[in-house]
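Hi everyone, thanks for coming. Have a look at the picture first, and then I'll talk you through two spots in it.

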Amino acid sequence: MKITGFELRRVAMPLVAPFRTSFGVETARDVLLVRAVTPDADGWGECVAMREPLYSPEYADGAADVITRFLAPRLFAAGEVTPNLVAGLLEPVRGHRMAKAALEAAVLDAWLRARGESFGGFLGAVRDRVPAGVSVGIMDTVPRLLDAVAGYLDQGYLRIKLKIEPGWDVEPVRAVRERFGDELLLQVDANAAYTLADARVLAALDEFDLLLIEQPLAEDDLRQHAALAQLIRTPVCLDESIESAKDAADALMLGAARVINIKPGRVGGYLEAKRIHDLAQAHGVAVWCGGMLESGIGRAANVALAALPGFTLPGDTSASDRYFAQDLTEPFVLEDGHVRVPAGPGLGVDPIPSVLAELTTSTTWLPQSR
């Protein structure tokens, strides 16, 4: 497949409510979209890098720059490109996995659309819908948290994830468990806010029968996660620590994780995400699909990935209205606590032209002749 060019499009998407984690507060998504243009079909990819380098070293402006100056030229220079070649062609550029993932997704979408094959079918999906969990940010008060959780459960979400940080952990989790009972699928996410010295506090969460505690320690602390796993009963899940299938293998060998959160942007793309899925499945380790406040474009790909057989826990595959009053695509909606996997060619969804035009803040065209 020959790529005619890439379009980089920046889109401003206000959130329906501020979303607070241990590393900051987001009130809007500054989305970087990549459109791969080929003679046979166009394809879309979404870069999940945030506006600021808080969750990871990557950020949206930097992703756009590295795509323009270094990554896109490598794909142009290759001439004929297929999705399975993208990662290898971009590998000499160190890091920048989110930028690489967006390019790979756009190429893969175009390639599948030209062949009439769906994202889910290509990846190996075994379900036509996936169970939906929801991530609940840090609140000002416990009563506000309880109201928010009640609202999401009323909407039909099957699993609740609570963001935690030092000082906002045991008591809010206790309040949610006591209010909504033992049957609630409940987990927590620390976004690396703790150290091994906090093991006693983290062990206090054991009494609440959580599905998992996600990324309690720093991303480069695999050995300390392994040590923590021996001190607490709650299964440790790794997120930021896992940037590749190799990282996942190392974590499993060390005993640092009993669960893995797979975020395709964080690991460099959906093909690497599938490799992590396959590795975890071979070792009997549960995986689930994390979210990065994606628009309908990124959400469509995530939902397809979450339909693979090894995704045995509900992911952050929320409906569109969890985050956005207006999505870029036709909205994803909850159906009995599930989100449907798009069945059309490629991603199976397209941006709504009028919405895309209204929310776009800038576009850049990168032609093949650069």
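Quick definition before we start: when I say contact, I mean heavy atoms within 4.5 Å. Also, this is a predicted model, where local features need pLDDT of at least 70, side-chain atom pairs count only at pLDDT 80 or more, and totals for chains, interfaces and linings use all residues. Residues are numbered from 1 along each chain as its sequence is written, and side-chain values use heavy atoms, with hydrogens and water left out.

Okay, helix α9, residues 245–254. Helices here are DSSP runs of H or I with at least four residues, strands are E runs of at least two, and both are numbered from the N terminus. Which residues of α9 are buried? Ala245, Asp247, Ala248, Ala251 and Leu252; buried means under 20% relative accessible area, exposed over 50%, and partly exposed in between, with a 1.4 Å probe and protein chains only. Those five span an arc of only 155° around the axis, so they sit on the same side of α9. That arc is taken from the directions from the helix axis to the C-beta atoms.

What do the buried residues pack against? That would be α8 (222–229), β9 (236–238), β10 (259–262) and α11 (270–282). On the face turned away from the buried side you'll find Lys246 and Met253, both exposed.

In α5, residues including Leu145 and Val149 meet α6 residues, among them Ala175 and Phe180.
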